[in-house]
Amino acid sequence: MTTSLTKQLLVIGNGMVGQHFIEQFLTRADAAQWQITVFAFEDRPAYDRVHLSEYFSDGNAEKLQLAADSFYRDNNVSLKLSEPVLAIDRAAKTVTTAKACYVYDKLVLATGSYPFVPPIAGNDNTHCLVYRTIADLEAISASSKDATVGVVIGGGLLGLEAANALKLQGLEAHVVEFAPQLMPVQLDKDGGELLRRKIEQLGVSVHTDKATSSISAGSERRLQLNFSDGSVLQTDLIVFSAGIRPQDQLGKDAGLELGARGGIVINNQCQTSDADIYAIGECALYQGQLFGLVAPGYQMARTAAAVLCGDNSHSFSGADMSTKLKLLGVDVGSIGDAHGRTPGSISLRYRNDLLGEYRKLVLSPDGKQLLGAVLVGDNSYYDTLLQYALNGIALPADPQSLILPQSSNKPLLGPAALPATATLCSCHNVSKGAICAALDNGVQDLAGIKSCTKAATGCGGCAALLKSVVEHELTARGVAVSTDLCEHFSYSRQQLYHLVRVDGIKTFNELISRHGRGHGCEICKPAVASILASCWNEPVLAKPHVALQDTNDTFLANMQKNGTYSVVPRIPGGEITPAMLISIGKVAEQYQLYTKITGGQRIDLFGATLDQLPLIWQQLIDAGFETGHAYGKSLRTVKSCVGSTWCRYGVQDSVSMAILLENRYKGVRAPHKIKMAVSGCTRECAEAQSKDVGVIATENGWNLYVCGNGGMKPRHADLFATDLTDEQLLSYIDRLLMFYIKTADRLQRTATWMNNLEGGLDYLRDVIINDSLNLGAELEAQMQLLIANYQCEWQTALNDPAQRARFNSYVNAAAPARSDFGFMPERGQFIPIRQLNNKETTL
């Protein structure tokens, strides 16, 4: 800045909203006239509280920091860490800290909120904690070290986040909620009941309708919660998450107007009762309402920054409090009037307890406008419903189609249907019109849009919608939307697959010399390696291919966060003989490996160093095992129930079919990992309807389900064909997998792939079952080639001295790699941890 600084702007609070205010203020030309001083209560700069629980995963606070350390220096912002303001003198226009007195011309209060701790006798115990800051998380971690049970008081958003934090610490977690249900603010009774059931299935005990009367010493645990109904619950630590209260004491002491229940009253320009003092975020009260989400706080921050610089076109008029969350892995969404409190409103509900899904629409009395919605178990409907609600878009004639599964007439609310006023990014208040304006001003790609508008750089929930809008608008402007794999190939993955298949290309060097440029990169090399494997199924560690592989494929093992590797032998259908089970135990014991039975009915062995991998695999292969391809973008497992072999309900031999499928498709490389399952009856113990390929037995054969998945965005598989014979089933799966391999994008799961096909499921049925493209015989022949060329990659590596030498070099080092590790006990087993300078440190 070159202009002399004549005015003093003080900001009290350096949380997410305070930091956003500074960033917005600095973008304005008038900011050059101000000297900005920021007072922080904590000893660290602003960090992301939305993803606070991630701190438990790696202990990396810097990853959560919102701005680089140089940000404040480069922008001439004076940041006062660990220097809370003690008093405001409005007459003298000063603030006082324990260190100094500071004069202001304008003052912004971004003091946020504090956790409400109910006035319960015993709440001051050392192991009674709150969940708000990194320091709070460190206190929870310290208290958890000698603990086995933890309780969260409060079943709202933060309470369930805190329960997840306790689970991450390895504790038995309980949630105690005063209300009759979880998340009573966001969910209705049915949604709350389903959320409770799903959370309890994940191992968290839920206690609703419970009022804690006191906390005392426990007889078996450190503490005991005594409830008003006479029952008790013993625990080692308690985390209070019973809501928040506005941090408004400074404003109260300074004589600013407060609400009856707290909160500093502001007008629509975020000014308090003192025109020189502004309040933003959770400490501010607008028209009797407090806003406990980040997005409204950001809107206030933008408004205050604009008004302070003379731009009165901005105003704050309230904010949408809709939320889309994943709580302990469970999708939860709440939009608008979720409880249907609008007079005359009507509700439509879809509830499937078997699948664990609940959806509700709240409609205007005439059924033409969406007022609110509740989602539990599947948030894939959220973005569409939010746009209907926020923008007043007229509902279709049959609004129930918006929430019914597999609805053939479900209306698609694409980018073209959104008005220019539609808000795409709530965190940064970016509308579709703002995106279009940026494109009209010369921005040509998604990265540029994110950079200039900040859209999708907050919580990230709008990323998919933003991408579709940008691509649609670019196409409408005659700009070709690039599908190039990377700068080295002017082709999509599908086009490269076609070139490899048609030209019979067997190596990366041949492909790039004929159809690319340069030497390749970390994007195209693994992608081409996968394409080559999907076409010819040659060993991935063969000399022409080994340099193309990513970290896991390079060493045929998944690298773990501490630098060791996992060993995952294939166990088809989860069926294993006692002798083979004993052999795994002996290997694990000999090499001190941590063992875990997986959800895919296999046994993972963790903690192997690179030099041990060939030794371990030699013993496993000698015992009859082969690689499980846990490291590859390929078939992982085919899960199975016991079927008609043992179960009185089983109508087909699901185990034999699962083993047949796993042995048939093992080693088949694809754009992404593939999971399958076979259930012996409609009771579905193998969870086949959540897999890429699911098979369920019927009295007459097999029903085939396709394109489901779990993960961050679960999707229920679609029924594809019914009552198939064994031969029909294998034929359809052969065709389906090869068509997926042939046409999918890089790293695209089958669910996304099918959704992107024009015509979706019906088109896929037409291609696979009716052979509309006349590809059936070709696809089956291509699959037979892969099956015929299958090799156990570890067996091949062990038999090839050149491949094995890649691991042997570590054995010949000055000391075995294992000597770099110590061990930390974990539930009766040991986890290797890296030792540095005689101190043990996890990587």
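Is Gln234 buried or exposed? Gln234 counts as buried, because its relative accessibility is 18%; buried means under 20% relative accessible area, exposed over 50%, and partly exposed in between, with a 1.4 Å probe and protein chains only. Before we go on, some ground rules: this is a predicted model, where local features need pLDDT of at least 70, side-chain atom pairs count only at pLDDT 80 or more, and totals for chains, interfaces and linings use all residues. Residues are numbered from 1 along each chain as its sequence is written, and side-chain values use heavy atoms, with hydrogens and water left out.

**Stop one: around Gln234**

Keep Gln234 selected; you'll find this residue in strand β15. (Helices, H or I with at least four residues, and strands, E with at least two, are DSSP runs numbered from the N terminus.) Now show what Gln234 touches: leaving out residues up to four places away in sequence, the list is Val149, Gly218, Ser219, Glu220, Arg221, Leu223 and Gln224. Touching, or contact, means heavy atoms within 4.5 Å.

Zoom in on Ser219: its side chain and that of Gln234 are joined by a polar contact of 2.8 Å. The Gln234 side chain also reaches the backbone nitrogen of Glu220, again at 2.8 Å. A polar contact is a pair of N or O atoms within 3.5 Å; within protein, one must be able to donate a hydrogen and the other to accept it, and residues adjacent in sequence count only if both atoms are side-chain atoms.

Next, pick Gly150. From C-alpha to C-alpha, Gln234 and Gly150 are 8.9 Å apart in space, yet 84 residues apart in sequence.

**Stop two: strand β14**

Select residues 223–227, which make up β14. Five of its five residues are buried. Look at both faces: Leu223, Leu225 and Phe227 sit on one side, with Gln224 and Asn226 on the other. In a regular strand the side chains alternate between the two faces of the sheet.

Ala217 has Leu223 as its bridge partner, and a hairpin through five residues links the two strands.

Jump to residues 432–440, helix α10, and colour Lys432, Ile435, Cys436, Ala438 and Leu439, which are buried. Why do they share one side of α10? They cover an arc of only 160° around the axis, where the arc is that of the directions from the helix axis to the C-beta atoms.

Ile435 also leads us to the largest nonpolar core, being one of the residues with the most contacts inside its 87-residue set. A nonpolar core is a set of buried Ala, Val, Leu, Ile, Met, Phe, Trp, Tyr and Cys residues joined through side-chain atoms within 4.5 Å. Helix α8 (residues 294–308) gives the most to this core, with seven residues.

**Last stop: zoom out**

Show the whole chain: there are 26 helices and 40 strands. Of the 843 residues, 52% count as buried.

Technical notes. Two strands pair if DSSP finds at least two bridges between them.
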